[in-house]
Amino acid sequence: MMWLAVLVGVAALVWVGPAGGQGAVGAEVLTEGKRLYVENGCYTCHGLDGRGNIGPDLTRTTKSDEEIVARIANGRAGTAMTPFRDKISAEDIRKIVVYLRSLARP
Ligand code: HEC
């Protein structure tokens, strides 16, 4: 149930904005997150199920949401993980994190 709390928290972060009020259903954010994950080619290194191949398994990451957001935005120098901050908006990165959390396994 912990993940649900995280999910709702992140979803709230994503949707509380100037447009606010338009209640966002978690499911929509999830679908969007998945689409963004595929469209941006994350799956080529992390797998469609997020379990990793060239890149690490994202379903068992020990990172916090903030750390994941930062890693996606800034990448990691010297690795295949390039920065995505110019390609994906901060809001869309949040959606990807919601999607990744939905894949989490113990
Ligand atoms: C060309 C291969 C490649 C692509 C494409 C790629 N990654 Fe990565 N990613 C890596 C590698 C390699 C690492 C390991 C570097 C590190 O964090 O130490 C990594 C690390 C990460 C981490 C940190 C995981 C952890 O627990 O340390 C996250 C989160 C992540 N990637 C998400 C994404 C997302 C989301 C996308 C798509 C927007 C993406 N990656 C695209 C190769 C890739």
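Reply: Val-29, Leu-30, Glu-32, Gly-33, Lys-34, Leu-36 and Tyr-37 in helix 2 meet Asp-92, Lys-95, Ile-96, Val-98, Tyr-99 and Ser-102 in helix 5, where two residues are in contact if their C-beta atoms, placed from the backbone, lie within 7 Å. By class, this contact of helix 2 with helix 5 holds seven nonpolar, two polar and four charged residues; Ala, Val, Leu, Ile, Met, Phe, Trp, Tyr, Cys and Pro count as nonpolar, Asp, Glu, Lys and Arg as charged, and the others, Gly among them, as polar. The model is a predicted one, in which local features need pLDDT of at least 70 and side-chain atom pairs count only at pLDDT 80 or more, while totals for chains, interfaces and linings use all residues. Residues are numbered from 1 along each chain as its sequence is written. Helices (H or I, at least four residues) and strands (E, at least two) are DSSP runs, numbered from the N terminus.

Two packed helices are described by the angle between their axes and the distance between the axes. Helix 2 (residues 26–39) and helix 5 (residues 90–103) pack at an angle of about 100°, their axes being 7 Å apart. The axes are lines fitted to C-alpha atoms, for helices over the stretch in contact, and angles run from 0 to 180 degrees between N-to-C directions. Helix 2 and helix 5 are therefore roughly perpendicular to each other, given that angles under 35 degrees count as roughly parallel, over 145 as roughly antiparallel, 65 to 115 as roughly perpendicular and the rest as oblique.

Ile-96, which belongs to this contact, also touches Gly-33, Leu-36, Tyr-37 and Ile-72, leaving aside its neighbours within four places in sequence. In the largest nonpolar core, of 14 residues, Ile-93, Ile-96, Val-97, Tyr-99 and Leu-100 touch the most other members. Such a core is a set of buried Ala, Val, Leu, Ile, Met, Phe, Trp, Tyr and Cys residues joined through C-beta atoms within 7 Å. Helix 2 and helix 5 are the elements that give two or more residues to this core, and the largest share, seven residues, comes from helix 5.

Glu-28 also lies in helix 2. Its C-alpha atom is 9.5 Å from that of Lys-95, 67 residues away along the chain. Glu-28 counts as partly exposed because it has 13 C-beta neighbours inside 10 Å; a residue is buried if 20 or more other C-beta atoms lie within 10 Å of its own, exposed if 12 or fewer, and partly exposed in between, with C-beta atoms placed from the backbone.

Beyond the pair, Thr-59 lies in the loop between helix 3 and helix 4. The C-alpha atoms of Thr-59 and Leu-100 are separated by 6.8 Å, although the two residues are 41 apart along the chain. Not counting residues up to four places away in sequence, Thr-59 touches Gly-50, Arg-51, Leu-103, Ala-104 and Arg-105. Tyr-43, in helix 3, touches Tyr-37, Val-38 and Leu-48 on the same exclusion of residues up to four places away in sequence.

Over the whole chain there are five helices and zero strands. Buried residues make up 22% of the 106 residues. Among contacts between residues at least 6 apart in sequence, 62% join residues at least 24 apart.
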